[in-house]
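Hi,

Here is the structure I promised to pass on.

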Amino acid sequence: MTVSPQEMDRVVEARSISKSFGPVAALRDVSMVVRPGAVHALVGENGAGKSTLAKVLAGIERPSSGTMTLDGAVYAPRDRSEAKRRGINMVPQQLSLVGELSLVENYLLVGPRRLANRRSARALLAETLSRARVEVDLDVPTASLTQAHRQLGEIVVALAEGAHTLILDEPTASLGPLEVGGLFEHLRALCDLGTAVVLITHRLDEVRQVADDLTVLSHGEGVHNGSAAGLASGEIARLMVGELPPPVARVPRALGGVVLSARGLVAGSTRDTRLDDVDLEVRSGEILGIAGVAGSGQNLLLDVLGGFVEPEQGTVTLDGGAPGASAVALLNAGLAWIPEERSEALVPGLSLRDNLNLYSTAVGAVSTERTLPHITADLQAFDVRPARPELAAAGLSGGNQQKLLAARELGALPEPRAVLAYGPTQGLDQRAAQAIRGRLIDQAAAGAAVVVASHDLEEVLAVADRIVVMFGGRVVADLPAADATTDRIGRAMAGLADDTPPADKDLP
Amino acid sequence: MRSLDRQRWLLTASVVAAVLVVAGALILFAGADPLVGLQGLVEGVSSSPYRVGEVLVGAVPIGIVALTLIPALRAGVFSVGAEGQIIVGAITATGAVFAIDQLFGGAAPSVVLWPVGLLAGAAGGGAMALLPAFLAVRWRVNEILSTLLLNYLAAGFLGWTLRTWLATPEETATPQSAKLPEAAALPALIPGTRAHWGILLVIVIAVLVFLWNRSAASTRLTVFATRPKLALRLGATRSRTVYSTMLVSGLGAGVVGWIQVAGVNDRLLNSVSGGVGFSGIAVALLGGLAPIGIVLAALFFSALAAGAVGMQSATGTVPASIAEVIKGVLLIGVACIAAYQRNPAAVVRPVGTKDAADEPVVLSAEPPGTAGDHETTIGTLAEAENEGGRP
């Protein structure tokens, strides 16, 4: 099918957009042209104004000044539904699915009435899914899906809802490599039919992989606007952040005795794959990476290691302590915890100060309450913005909440003996992510056993000394970082045994 | 936190405003002048020391129930069993007072009978609360359901008690117990009124709760309500939290049972709980789970009931049961506040959105009315599905 002239004309143009929130200028004089049939990447650091610009396009925010046109006509949406009516739809970074309802039911909530029929809605979603080459259960409540699957479901519902311009706010933040590939394929298919896609992302490899056009924002100003071709990742990164901090130096650390060990873990959960006889040993000074496609059991493993889920079989020991310790006993023994969903670990209604001091309220607390100067220093050390101790945590952006969490677990906890982190740098820009990685390495150098799990392979490779790969609730590979080529890990993540051709195995 | 507080006070203020509007409209509807009604209401609660005393007497049980419900409500454990716990506390207190008095040959001193009544009442109420707590922890029985149903069980048990082992030997129209020994009664705090020493107990409990509010345990309960994993890390396990919070509310309700018998009625009556348990929940939420707010709200509730009688006599046409209607409106408002307490985000902003200062809220729910407009683009998508992606 060829692109019809009407569709070709569907250009969304934003001219000299500025947006201020009180005294804070989020956007200054930014212009952007979104072409039909192209993927337009929108990149920038945390707080550079990406989300604000996207929200202006999607009618969620009104610009303070500047104009927009759609297909040559004035486009000044009063609200999101007007923008949707005119074919511009945004998929927010955080999930808007109704947890109690299945994807099909969620779609029936928002989809056109013509399809207000379970079977046809289901068929459409199933087809959308198969194009994206992902598997999401359409019929279970979305709350019981893993985060990646929920995110994916959100995108699928929005795609099925239909829009000629689709704005995706970091859609790949919680997707595994295979799922990202499938999604991009789908986006390209849409583009071929004239749909415009605005892709907000942190990952520069994605820009190279999929983007036709590129807008780079830095501190609310557009520093690049045009074709994505011919720009190397390093160049884009330099545009975004000015200057990158040097990569974390790989200094070999002396490994001590085993600090964290798990033997023969068998455990089940509705949110993740069953653990099937998992053994794990992490030594003092070691950073162990746990790789795997989302939903391979990493989350459940971390829950068991953290004392949140009692295994049906097997034991967990920290620092030679009694096996099967409770979560609070593990905390007091020096276990730091950064879960995949930061909302699980932060209390939005409490101030930054109270969130940092939270562990001093634990039963038998080892942590003591920190004084205000200490709190301020912690916030600054982890670059939490704004560093106002009495501000409620709900007032921080997602990236800054992640930094706050890291500040508590890696900064305020007295000498962690072990660190459990799932995607510790998710939602962070390069500079902040680098800082967190540095902290993890510092903890290891100080003798802690560090576990970094993620479905983002880069995140694991960036710090780990040794990498285990999980698939279907089992550990299927255990490699030192030097041997962990992307190829070998990728194959293990896909459930392919080492050195066997990927002939008749099913991809997850 | 501060802005959240402001939202809550705004909500509370609008509830109060709604109550005033409804009450004024009802008085007009009944054919009376709202101002005359208001005057009657004010006189009904303040025209004599006795009437002031009645307001205090009414506020004591509501206040104690509400104050001791704070931990449970803070942890999201929604116990509505105070009615039944008051009844059981009243029964055990009455039974214990009679038994101990008999032990002393009918001449036990107050110094013995007061603590006996207090402790027996607390024990009865506490035991009554541990049952639903056990069911909730062991088999995950919904605590709202179990506590609500146990109220009926307690009421039935009270009826049986008053006809059998605690029945008065006298001939009476309604089932009731014998009069408590003189020494067991709580003396009046203000001479010439029924205002008894239980008022001081409210102040003591309010101060204790105020201090507890700043403790680590209080923070753990707040975390427990919304962040189960983080709560585990702080040591607030489900069983520990449910048992301790339900026990505290049960102890408070049990003490109220004793106070109503020893301070107000001098005997155990069928009406000992009299809706105080339910009012207590409303008052706890109306008072924003804060001790001072709760004391004020309890006084307000009590004054409303006492003042409505004054209003009836002043206007002649407005029935005193208008107090029940006003309470009903209040309860609806309180339900809104409760929803807000459980999950402020659900009322103020949609759950799960990125609620940053610099990146305001995305409203995720869309009205379904815009649906038809997507038909053409859906077609495009369906074709995209068939065409296949870029190789």
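Let's start with chain A: of its 508 residues, 57% count as buried (buried means under 20% relative accessible area, exposed over 50%, and partly exposed in between, with a 1.4 Å probe and protein chains only). Before you go further, note that this is a predicted model, where local features need pLDDT of at least 70 and side-chain atom pairs count only at pLDDT 80 or more, while totals for chains, interfaces and linings use all residues. Residues are numbered from 1 along each chain as its sequence is written, chains are lettered from A and ligands numbered from 1 in the order in which they are written, and side-chain values use heavy atoms, with hydrogens and water left out.

Chain A has 17 helices and 19 strands (DSSP runs numbered from the N terminus: H or I and at least four residues for helices, E and at least two for strands). If you take the contacts in chain A with a separation of 6 or more, 67% of them are between residues 24 or more positions apart (contact means heavy atoms within 4.5 Å).

L275(A) sits in strand β12, residues 275–283, and counts as buried because its relative accessibility is 1%. Along the sequence L275(A) is 199 residues from R474(A), but in space the two are 6.3 Å apart, C-alpha to C-alpha. Among the residues that L275(A) touches are L265(A), V266(A), L300(A) and M470(A).

The other spot is M240(A), in helix α9, residues 233–241. Its relative accessible area is 2%, so M240(A) is buried. M240(A) touches residues including V43(A), G44(A), L204(A) and V216(A). D429(A) is 189 residues away from M240(A) in sequence and 9.5 Å away in space, C-alpha to C-alpha.

Which residues touch the most other members of the largest nonpolar core? In this core of 132 residues, they are L352(A), L404(A), L410(A), V450(A), L67(B), L268(B) and V283(B) (a nonpolar core is a set of buried Ala, Val, Leu, Ile, Met, Phe, Trp, Tyr and Cys residues joined through side-chain atoms within 4.5 Å). Helix α3 of chain B, residues 49–74, gives the most to this core, with 12 residues. A second, separate core has 28 residues, including I290(A), L318(A), V468(A) and M470(A).

Finally, two helix pairs in chain B. Helix α2 (residues 34–46) and helix α12 (residues 291–315) of chain B pack at about 125 degrees, with their axes 6 Å apart (axes are lines fitted to C-alpha atoms, for helices over the stretch in contact, and angles run from 0 to 180 degrees between N-to-C directions). That makes α2(B) oblique to α12(B) (under 35 degrees is roughly parallel, over 145 roughly antiparallel, 65 to 115 roughly perpendicular, and the rest oblique). Where they meet, α2(B) brings residues including G37(B), G40(B) and G44(B), and α12(B) brings residues including A303(B), G307(B) and G310(B).

Helix α4 (residues 82–103) and helix α6 (residues 143–163) of chain B have axes 8 Å apart and an angle of about 25 degrees. α4(B) and α6(B) are therefore roughly parallel to each other. Among the residues that meet here are I87(B), V88(B) and I91(B) in α4(B) and A154(B), F157(B) and L158(B) in α6(B).

Happy browsing!

Technical notes: Lists of a residue's contacts leave out its neighbours within four places in sequence.
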